[in-house]
Each structure stands twice: as C-alpha cells, then as structure tokens.
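Visitor: I would like to go through this model term by term. Please give the grounds for each word you use.

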Amino acid sequence: MSYSRLVVLFGIATSIVILAISTILYSRSSLSEQNSSKLETFGGHTPGYPILTTTGDVIDPMNSVINPKNAVVDPMKYLREFNYGRVSTSPNGTVIRDFTLIASDQHTKEVSPGVFYNVWTFNGTIPGPTIRATEGDLVRITLINEGTKFHSIHFHGIHPAEMDGVFEGIAPGGKFTYEFTAEPFGLFLYHCHMQPLEEHIGHGLYGVYIVDPKQGRPPADEMVMLMNGYDTDFDSENNFYTVNGIPFYYMHHPIQIEKNRLIRIYLVNMLEFDPLNNFHLHANLFNFYKTGTKLIPDEYTDIVSMNQGERGILEFSYKYPGKYMFHAHKTEFAEKGWVGLFLVKDYKNESVNQSLNVTSIANNTSYSKNNFSNLTNIVPTGGYK
Ligand SMILES: [Cu+2]
C-alpha cells in the first residue's frame, strides 16, 4: 500500500471517529436538555432512602391520595366497622344473626392512585364487610350472586359439609343461605371457593369473620386489619400490597389512638401469590393470640409472620404520644404499599399533642365503642337490600 493511500485511509478513519464522538456528545446534551424540563423526583419517604429521579410519568402512591369516589374501600371506615347482622331470637332463646352478602365481578375500581382494576367484591368493597357474632349464635348469611360467574362463600370455623361453600357454586342471579352455629370463638375469614381459586381470591372476594367468646374480651379500641395485594398486570405476582385495601392509605391518614388505651387488632392475611406476609409494630410489643381461639396470649413480640389464611389477635397500648409506623417487615411489601402509621395522642395533655404537631392531621374518626357491653348495637351489613 502506497504512502498516499495510507494517508487517505487514516483521514477517513479519523473523520469517522470524530463524527461518532460528536454525535454521542450532541445526543447526550440534547437528552439532558429534555430531562431538565421533565425531570421528576419521587420516593424519599423514609429517611436514608434515595430520592429517585425519572423522566417518565410517575404515579406515586406515597404522594397522591386516592379519590374516595372511585376507591374500592374506605379504609378508615372499614378499620372499625363491625357488622352484627339483623338480630332476632329463636323460641329456645338462641340469638339469630342474618347477613346479606352480594357478590359481583364486573366492576372496575381504583385500588391505588391512578390504578383501576376489575374488582370482584362482596358488598362492593375489598375487603368485604367484617361479620361478627358471639359463640353459640345462629349465623345465617344469604349470598346473592349479582356477578357473571359462579361464586360461593367458604367460612372458616365449624359447620356441616353442605354449609362449607366448596362444592356448590351459586350461579349468576342465584341465591343461597348458609346457616351454622358460630363456633368456636376466635378470628376467622370467609372467601369465595370457586375454581380457579387464585382468580376468585386474587380479585378480592374475601372478608373477616369474628366469633366473640361468651364472656367477652376486656374493653378496647378494636380494629380489623386485613393484609392483601393486587396483581394488576396478571403475571401471578402482586404489584401492590396493602392493609385494608389501599396501598399507603394509613400513611396519609394515620390511625389515631389514645395513649395507654388498650388496642386490639384482628389481623388476617389474605395475600394471594406470595407465600408469606407479616406485621411489625414500631417502638412497642404486643400480645399475640394465634387464631384468637384462646384467651391466653401465645407470644409477646413486635413481629408476627403469617401464611395465606392465617390470622391472630394483637393487643397493645402505647406509653408515649407520637407517630409510629406499622408495616410488613418484608421490605418489598412495605415499599409497595403495606405500611401505615399510628398517631398516639395524649388526650389528657393536649399541649403534648401540639408540641408534636399531631393535631393538624385530618382524621376525625371517633373511637369505636364496639366492645361486649353493646353487642345489641346492630350495624347492618353494607349493601343489604
Ligand atoms: Cu368467586
């Protein structure tokens, strides 16, 4: 190869390299110009965690609040709402409690800010209403199927085979009354048991069923917490995790409780797809009554893990006012929505609340007076016709 040819080839190669470098530099600078106009930040809710930046649209459930009109449930209402049914007494003196549950599967509701999902519900909400009776009561639940698929209700607890809700599906437009004695006392759940079970449970057909002991439990500020998730892209993995139906809800709306008052949580794990879930309480410990079937606690701890369908009763009180987190100690679940706050208030010393800046948070939920002294206080099941 002649010297002149080498010079020409070298010249061409050099030009290509210069052209490539300038193209990269140009595209980078124009990209950063675009970025600077659209760059958004999100996250940073937990001190020490990075604040992420992106040029994409961000639906940040930490900083957006769900529109109550479209929401699949009102978590603050659900928290302390116990349904005792329509009460009557049989000639032999047995208390009869009648409930109505309406199954549907064709509605779309908001399960996280900006995320709409085809929800399958009992009485229009996920979770369905909490059903409560006392051991020995006769419980009658009429299921009306207003959906487009077969559904059923399978209650946990002791009852005859034909009341188990497994082999007999209720057809669309159909109706069936499940009838059994509430036994034993404890914390149970109910859910649809039609195949494919994963689909019927994954879409939201479940709720909590409490059977109180005859002698009752000590008075307390009682609440229900049901842990669930939503697989909104249908890959058999959850995209959102919640306690009481909406991710991060109790971060925006802390649950107000009173200093030194006994708190009792009926905690149920309905999470589909993931094998394990758990609950961790900050700056405190609780007595844990596994399945709620004994009056003596099984454990004194700050964390409890549960498989799907497992449940238990937690009892505790806070010594100091302030804000305290509770969440799944499985970090992924917490960061995808299963996290909330208790706001402990010192009602006898309002200046303490003010110094903690805890009075300004919007939460006018008054304490539930639900305890055993007012079992006759009937709350109808939502959606009852
Ligand atoms: Cu079903």
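Guide: Start with pairing: two strands count as a pair if DSSP finds at least two bridges between them. Keep in mind that this is a predicted model. On that basis, an open sheet of 6 strands has the order 13-12-15-20-17-18, and its pairing is mixed.

Visitor: What makes strand 13 and strand 18 stand at the edges?

Guide: Strand 13 (240-243) and strand 18 (299-301) each have a single partner strand, so one side of each is left without a neighbour in the sheet. From one strand to the next, the twist averages 25°.

Visitor: How do you know that strand 17 and strand 20 pair?

Guide: The cut-off is at least two bridges. Strand 17 (residues 286-290) and strand 20 (residues 311-316) have 4 bridges, in the antiparallel sense, so they meet the cut-off for a pair.

Visitor: Why are His 151, Cys 192 and His 200 called donors of the copper ion?

Guide: A donor is an N, O or S atom within 2.8 Å of the metal. The copper ion is coordinated by ND1 of His 151, SG of Cys 192 and ND1 of His 200, at 2.0 to 2.1 Å. These atoms therefore qualify as donors. Water is not among the atoms, so the site may look incomplete. Along the chain, the donors follow the spacing H-x40-C-x7-H.

Visitor: What makes you say that His 151 and His 200 link distant parts of the chain?

Guide: The two are 49 residues apart. His 151 is in the loop between strand 7 (138-145) and strand 8 (154-155), whereas His 200 is in helix 3 (residues 197-202).

Visitor: Are His 151 and His 200 buried or exposed?

Guide: Both His 151 and His 200 are buried, the term for a relative accessible area under 20%. Of the 385 residues of the chain, 48% count as buried.

Visitor: How do you know which residues are in contact with Val 65?

Guide: Contact requires heavy atoms within 4.5 Å. Leaving aside neighbours within four places in sequence, Val 65 is in contact with Pro 113, His 252 and His 253. Val 65 lies in the loop between strand 2 (51-54) and helix 2 (75-79). Val 65 and His 252 are 187 residues apart in sequence, yet their C-alpha atoms are 7.5 Å apart in space.

Visitor: What share of the chain's contacts joins residues 24 or more positions apart?

Guide: Such residues account for 71% of the contacts with a separation of 6 or more.

Key:
Residues are numbered from 1 along each chain as its sequence is written. This is a predicted model: local features need pLDDT of at least 70, side-chain atom pairs count only at pLDDT 80 or more; totals for chains, interfaces and linings use all residues. Side-chain values use heavy atoms; hydrogens and water are left out. Donors are N, O and S atoms within 2.8 Å of the metal (3.2 Å for Na, K and Ca); water is not among the atoms, so sites may look incomplete. Buried means under 20% relative accessible area, exposed over 50%, partly exposed in between (1.4 Å probe, protein chains only). Axes are lines fitted to C-alpha atoms, for helices over the stretch in contact, and angles run from 0 to 180 degrees between N-to-C directions.
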